[in-house]
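Thank you all for coming.

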Amino acid sequence: MIAVAGFRRDMLWQRFTIAIPYLWLLVFFLAPFAIILKISLADPIIAQPPFTPFFDGQGGVAATVDSYLFLLTDKLYAVTYLKSVFMAAVATLLCLALGFPMAYGIARADEGTRNLLLLLIVLPFWISFLLRVYAWMGLLNNHGVINNVLIWLQVIDKPIAFMYTDFAIYVGLVYSYLPFMVLPLYATLERMDLDLVDAAQDLGARPSQAFWDITWPLARPGVIAGCLLVFIPAMGEYVIPYLLGGPESLLIGRVLFDEFFVNRDWPLASAVAIVLLLLLVVPIVFLQRSQARDAEGHA
Amino acid sequence: MTGNAASSTPFIEIQNVSKYFGDFAAVDSVSLTIGKGELFSILGASGCGKTTLLRILAGFETPSKGRILIDGVDITELPPYERPVNMMFQSYAVFPHMTVEKNVAYGLEKEGIPRVEIKRRVGEMLNMVQLDTFAARKPHQLSGGQRQRVALARALVKRPKVLLLDEPLAALDKKLREHTQFELMGIQYKLGITFVVVTHDQEEAMILSSRIAVMDKGRLIQVGTPKEVYEYPNSRFVADFIGTINMFEGTVVGFDDDSVRVNCKDAGGELVALSDAPPAVGSPVCLAVRPEKIFISKHEPDNTEDTRLAGIVEDLGYFGNLSLYRIRLATGRVVQVSAQNSRRSAERFLEWDDKVFISWRPRSAVLLTD
Ligand SMILES: Nc1ncnc2c1ncn2[C@@H]1O[C@H](COP(=O)(O)OP(=O)(O)OP(=O)(O)O)[C@@H](O)[C@H]1O
Ligand SMILES: [Mg+2]
């Protein structure tokens, strides 16, 4: 009896301790979300604040979906969303292609080397994100380190215009988000039993087959977590395209910023943000599903 | 099919194989031949290089020195996926993301065998290891013993020439282990596949094997049938490692016909043992006697050919089928004696502190020089 009561109390306590951070997250996610949703359903006006009130003052609601309709009619938005999805997806795949061998190497290194390599992965976080992106401007511009070295090596005779191109954006995205790919991948690969790969080879699989049959499926939780951790922030990224990208690389983060602060069309900007959020919810749901399935398979 | 009988033609030939990790020799100049259809055990303490030797046979480690032949073919340079050898891992290494059926089918799929045949062979194999009702389960839904059988089935279904088993029973509880030992022997007998089993459990090795190799610090110390290794150990290490034994250190003082007289301070005088290759007078030797070879009596035995020593019962233990005694000699040395409890009696034959005599036949003692 006492044990049961104790158990109950433990459960309550556990729920309570979990509930607090969740409540915190819920409040500070839902509240801004509700505010943005409300603004997106208003009309822009020149006033303070620059949108019509949600309640009309007579107990009714003055909502309009004009901003959303505008998003649909002007092709610019669709193109920008698509371009953002595309660039974020490419950056994610590049991070995966680079990050997987890195994570694999780290997970298989001996303990001392492993800790050093992990430290090197997180080392960039000690320097401000903005500074690091500025540093890339210094590296990539026409008189930057990379062009100078290439000219000195006589690989090229005129500087290559890296800056203000999609290429520069990819460099910035991959560089900035690579650690978010490597760390979850490392965590899954490090836990993996090496005997499994040996067993596959023992049963007749070539090393490449053993990789695709065993290592890859078992690393999937890490791959998915890493991809989402890169894709989601890359999708809404503002600083990197703004500093490294050209005028034609218009991404959704830039549009969002411009609508809010340049055009002061808050309802439209909010609508852009809400649609962006919906676009991101899809991969998150995908992650949840897949993680639930993996939990079932490995518990 | 040769069955369980070890044929004399060498099937696996390990020729002077060494494996170094840095300066450390995990396997040190091992030479060994194993016959077709043998159930061969490699026995040794933890860290003596058993797994390393097995991994060399499977192809996961390349030997630093030496060659390996299977069925006359040099496989030293073959990668694991091309060897006619399968291994059952110490950790079982059952693929966690595949069902039992998929696990067992994996090796056949890699061989490119037609689906229908894969299905049939997997079905047969699951039947044999009694897992047919678990075919659709994932490994995390299985018990340890069932996972062990998946690992076994997965390796056997490939019909390898040699099956390597790394501590196949270590993770099972005592009851299941004993049961599985006999199952393994049955399967081996039925399929006639050569089994090489690694174990650190000497009892398991004795029960299972046609022959045993005893390893220590990367080197082979003795190879022989369980009986040979038990009755005629070639060194102090083997004598001590397998079973219990009383060892008396001493020096050779002389010979009478084929018997050797050894002066043992511990025993308080000279002891006698038989030897085909008697060591030189004055050389240090060890005279070893198994506890069950020693007779115990309250009165001094008449047979003057036997070795006879007097002592008192220091300790005794009753184990149902037999009793163990610890007899303290006048020199202070304690000798272990075991005796069958053939009589059923309410009274104990011996009590603590009884004065007794122990004796053994000269041929029961083993003379060890290494
Ligand atoms: N990859 C390696 N690098 C360095 N040393 C190794 C390596 N693999 C094994 N060893 C060492 O070689 C020795 C033999 O190891 P092995 O795994 O063969 O022992 P074992 O007899 O199987 O022991 P156990 O009964 O505990 O499984 C050990 O001392 C081990 O530390
Ligand atoms: Mg081992």
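Predicted model: local features only at pLDDT ≥ 70, side-chain atom pairs only at ≥ 80, totals over all residues.

Let me begin with a definition: rings of Phe, Tyr and Trp (for Trp, its six-membered ring) are taken as a pair if their centres lie within 6.5 Å, and planes under 30 degrees apart count as stacked, over 60 as edge-to-face and the rest as tilted. By this rule the count is 23 aromatic pairs over all chains. One of these pairs is A:W24 with A:F28, and because the ring centres are 4.8 Å apart and the planes stand at 45°, the pair is tilted. Both A:W24 and A:F28 belong to helix α1 (residues 2-40) of chain A, where they are four residues apart, about one turn of the helix. Helices here are DSSP runs of H or I with at least four residues, strands are runs of E with at least two, and the numbering starts at the N terminus.

Residues are numbered from 1 along each chain as its sequence is written, chains are lettered from A and ligands numbered from 1 in the order in which they are written, and side-chain values use heavy atoms, with hydrogens and water left out.

Now to the domains of chain A.

How much area is buried between domain 1 and domain 2 of chain A? Buried area is the accessible area, found with a 1.4 Å probe, that two parts lose on being put together, summed over both, and here it is about 780 Å², with carbon and sulfur atoms giving 75%. On the side of domain 1 of chain A, A:I39, A:S40 and A:L41 supply 64% of the area buried against domain 2, more than any other three residues.

A salt bridge is a side-chain nitrogen of Lys or Arg within 4 Å of a carboxyl oxygen of Asp or Glu, and between domain 1 and domain 2 of chain A the count is zero salt bridges.

Chain B is also given two domains, with domain 1 (10-240) and domain 2 (248-368). The C-alpha centres of domain 1 and domain 2 of chain B lie 39 Å apart, and the contact takes eight residues from domain 1 of chain B and nine residues from domain 2 of chain B. The area buried between these domains of chain B is about 700 Å², of which carbon and sulfur atoms give 45%. In domain 1 of chain B, the residues that lose the most area to domain 2 are B:Y230, B:E231 and B:R236, together 69% of what that side buries.

Between domain 1 and domain 2 of chain B the count is two salt bridges.

Finally, what happens where the chains meet? 25 residues of chain B are in contact with 23 residues of chain A, and the area buried between chain B and chain A is about 2,000 Å², of which carbon and sulfur atoms give 56%. Of the area that chain B buries against chain A, B:Y81, B:H97 and B:K110 supply 30%, more than any other three residues.

Over all chains the count comes to 29 salt bridges, and across the interface of chain B and chain A the rule finds three salt bridges. In a salt bridge between B:R55 and A:D198, the N to O distance is 3.1 Å, and the pair crosses between chains, from helix α1 (residues 50-58) of chain B to helix α8 (residues 194-202) of chain A.

Notes: Domains from an automatic or database assignment. Contact = heavy atoms within 4.5 Å.
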